[in-house]
Amino acid sequence: MAFQVNTVKYSGKINVIPVGAQKINLGGQAAFPFYDFEGALPNKPKLALQIWDMDPGESYAAPLAAAYEGVLGDPGTWAKKAVEYGADMVCLTLKSTDPNDKNAGAAEAVAATQKVLDAVDVPVIVFGVDNKDKDVETLSAICEKFAGKNLVIGPITDKNYKQIGAQALAYGHTVIARSPIDVNLAKQLNILLMDLGIKPDKILIDPNTGGLGYGMEYCYSVMERLQAAALLQADDKLQQPIINMLGEEIWKTKEANQKVEDVPTLGDQNSRGVLMEVTEAVSLCAAGTSLLVLSHPESLKIVRYYIDLWADGGEIKGDGYLNVPITPIA
Amino acid sequence: MALTGIQIFKLLPGTNCKKCGSPTCLAFAMNLASGKAELDACPDVSEASREKLSAASAPPIRPVTIGSGATAIKVGGETVQYRHEKTFFNPTGIGGLIEDSKSAADIAATVKRWQALQYLRVGLNLRPELAIVKGGPNLAAAAKAVVDNSDLSVVLYSEDVAALKSAAEALAGKNPLIGPATAANYKEVAEVAKAAKVPVWLKAKDLDEVAVLTKGLKEAGINDIVVDTGARTPKKVFQDSVAMRRAALVGQNRDYGYGTITFPNEITDNLALQVPVAASLIAKYAGIVVLSDLDGAVVFPLLLQRLNIFTDPQRPMTQTEGIYPINDPDENSPVLVTTNFSLTYFIVSGEVEASRVPSWLLIKDSEGLSVLTAWAAGKFSGDDVGQFVLKRSGIVDKIKHKSVIIPGYAAAISGDMEEELPGWKVAIGPREAAHLTKFLKEFSVA
Ligand code: SF4
């Protein structure tokens with residue numbers, strides 16, 4: 001008898017979330033990731049590139065600085081560059097508003113967002129600095145100013161969901177609900193947001209992504225459990241697509257910033273960082289992501305190509321992709 | 001596969017003689033089913049029943065040891081589909097391909113380079129373990145060059161059974177995995193493996209043929225088997241991997257109860273593109289992934305992923321308590337103290353290192369909890385941390401100043417600490433490690 005795969009019956013599915021004025025669809029999965037032999041997977045994970053609202057300066061990893069040479073410091077041209085590189089969406093992070101750093105105000109955050117929206121016509125994520133009060137100040141203003149643009153706004157936590165949530169609701173934006181790597185806390189926050197009146201198809205779950213080798217496993221397992229709750233138990237408080245802010249987690253690690261001359265066993269720095277990002281992206285795809293926020297354009301290119309083959313089938317023809325130089329070790 | 005109490009009961013003598021210590025055979029059967037009793041406690045169970053019961057209690061995916069020494073790995077032996085259900089036990093082996101057409105000197109240089117790819121992390125040594133030696137006439141010489149110049153374990157890859165035989169003999173005692181056994185040659189390969197007492201990998205055309213070949217090898221006396229389902233596209237190799245795990249665990253199908261070997265290197269020549277293939281297969285169930293070459297830029301990301309995926313989710317990883325000098329500190333360098341949760345250690349030490357400020361990092365045993373949880377659970381209290389800094393850690397012998405930085409999330413313990421550390425300045429650091437650089441640059445010791 002021919003082999004038959006043991007299949008699972010799913011009773012729920014992930015909500016479809018249209019984002020941006022252009023309505024790119026996120027989510028919609030009715031099976032575990034890439035298990036299309038037992039359920040429909042209408043939308044592949046979407047890929048965003050992260051940009052800053054200021055010149056990152058010294059703290060920015062050298063391979064990223066090289067990839068975005070000439071556009072750092074201007075969010076508009078930077079966003080344009082990201083779209084040229086093939087990003088489905090742009091994630092503007094309001095780094096300049098960090099109270100521990102420049103502490104820029106709401107007006108500056110609004111201006112940076114305006115520049116990005118003027119420059120590109122893909123959906124835009126506007127991400128704060130995960131400071132409960134500062135994010136209320138900046139994101140509330142952005143919600144109001146860009147009414148009806150269906151921006152993706154975050155992070156919203158149980159500490160500031162009321163203020164930012166109310167603004168997002170009033171002005172028609174989609175929210176990113178961030179909870180600390182825990183299924184129950186994710187559910188609680190979703191319930192709080194829905195109680196405010198936010199529709200289930202206006203929420204994304206941010207499980208607080210850890211970096212590869214720096215806690216990715218916690219997020220990975222929480223995502224698998226979220227998927228199980230949403231798809232097998234049909235828990236309608238958890239059927240939101242997942243967003244992972246992984247690029248910045250990768251590029252801030254020590255290993256992504258070490259020079260090959262100093263540590264030859266880590267190999268070429270650019271390739272290493274890109275492949276760390278690719279490896280985490282693929283892991284999170286396997287765990288059920290719907291939206292990956294990446295940093296390096298080469299990572300995006302590889303991940304995009306791979307997701308297409310992984311989902312649709314076909315052979316790798318792989319021309320024009322990263323060529324890893326082999327590092328000799330004395 | 002695990003039998004129910006009732007199924008076990010039917011295999012017992014049914015005399016209720018109580019010799020096993022249970023009041024009835026049924027009670028004993030229930031205890032067996034829940035793992036509370038051993039079959040040997042019943043002296044009267046028949047030989048036939050004993051065989052059935054031990055076959056049923058065999059692991060659903062057979063664990064197979066490959067290689068020897070520091071690089072020996074186990075393939076198979078898994079019991080769940082999702083790591084949070086229990087844990088994944090046997091990390092995917094990572095290997096590079098050696099063609100036997102290469103000169104012995106080339107092979108020596110290559111495997112020496114591969115062997116240098118080792119990374120110490122959370123007390124574990126992360127490294128690729130395998131060289132896959134492929135070819136025909138020169139197989140034995142090439143394999144010998146691998147083991148003479150490195151401690152890598154070997155997978156032999158040749159359709160030429162005579163070559164496999166001489167290579168297996170040349171690696172006596174090294175326990176190589178040999179193959180591929182195919183529909184055409186599996187009986188001969190089985191003979192070689194039996195004589196050399198080594199495990200076999202098979203290469204099937206598809207999942208149907210996997211069962212034909214595992215049955216064939218078993219009949220030929222081979223139990224230690226690793227499976228290549230033959231898939232060579234990203235989608236197929238992933239879905240086959242899932243299908244194998246499901247068949248073994250859900251379908252309880254013994255013919256599929258084996259670990260797998262996969263060949264990202266045969267899916268694409270581009271080394272960078274082999275990484276996403278391998279990453280999808282490390283996430284979902286491959287026993288071995290083979291790459292066309294090994295380099296830090298490629299294996300380091302995969303080793304980190306493997307570490308994450310195969311970490312026991314029930315057990316927090318910890319860093320050993322003690323003093324960690326960062327950036328060559330001296331007697332006037334600042335001292336930071338934090339908990340021994342490995343993630344905390346990694347993030348804090350990474351940030352301190354990035355700040356380029358020479359510093360002493362003290363790691364205090366807090367049972368693997370992060371700062372906030374450790375503080376809340378009383379594992380990072382003022383007296384305790386104060387005592388540790390002053391006495392147990394030994395830092396006072398290394399510094400001339402009297403100041404220590406505690407994590408922002410543990411700010412509440414500073415008062416108690418100052419009582420334990422008379423004359424010291426207890427500074428409250430930032431809550432987030434990301435702000436350490438700025439903090440350290442502005443900090444001066446008292
Ligand atoms: S010793 Fe064996 S036969 Fe006797 S009661 Fe126990 S299980 Fe039954």
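In the predicted model, chain B carries 47 positive and 48 negative side chains, and the centres of the two sets lie 4 Å apart; Lys and Arg were counted as positive and Asp and Glu as negative, with His and the chain ends left out, and each charge was placed at NZ of Lys, CZ of Arg, CG of Asp or CD of Glu. Local features were required to have pLDDT of at least 70 and side-chain atom pairs pLDDT 80 or more, whereas totals for chains, interfaces and linings use all residues. Residues are numbered from 1 along each chain as its sequence is written, chains are lettered from A in the order in which they are written, and side-chain values use heavy atoms, without hydrogens and water.

The C-alpha trace of chain B spans about 80 × 70 × 35 Å along its principal axes, and its secondary structure comprises 17 helices and 17 strands, taken as DSSP runs (H or I of at least four residues for helices, E of at least two for strands) numbered from the N terminus. Of the 446 residues in chain B, 57% are buried, that is, under 20% relative accessible area with a 1.4 Å probe, protein chains only. Among contacts (heavy atoms within 4.5 Å) in chain B with a separation of 6 or more, 66% link residues 24 or more positions apart.

In chain A, strand S1 (residues 16-19) and strand S2 (residues 24-27) pair in the antiparallel sense over four bridges, pairing being assigned where DSSP finds at least two bridges between two strands. Within this arrangement A:Ile17 stands opposite A:Leu26 in S2(A), and in the hairpin, which has four residues between the strands, A:Gly20 adopts a positive phi near 75 degrees.

Chain A also contains an open, parallel sheet of eight strands in the order S8-S7-S6-S5-S4-S3-S10-S9. Its edge strands are S8 (203-206) and S9 (243-245) of chain A, each of which pairs on one side only. Neighbouring strands of this sheet are turned by 25 degrees against each other on average, direction ignored, with axes fitted as lines to C-alpha atoms, for helices over the stretch in contact, and angles running from 0 to 180 degrees between N-to-C directions. Strand S3 (residues 46-52) of chain A is joined in parallel to strand S4 (residues 89-93) of chain A by five bridges, and A:Trp52 has A:Thr93 in S4(A) as its bridge partner. Helix H4 (residues 132-145) of chain A packs on the sheet, where it touches strands S5 (124-127) and S6 (152-156) of chain A, and its direction makes about 160 degrees with that of S6(A).

Conventions:
Buried < 20%, exposed > 50% of the residue type's maximum accessible area, 1.4 Å probe, protein only.
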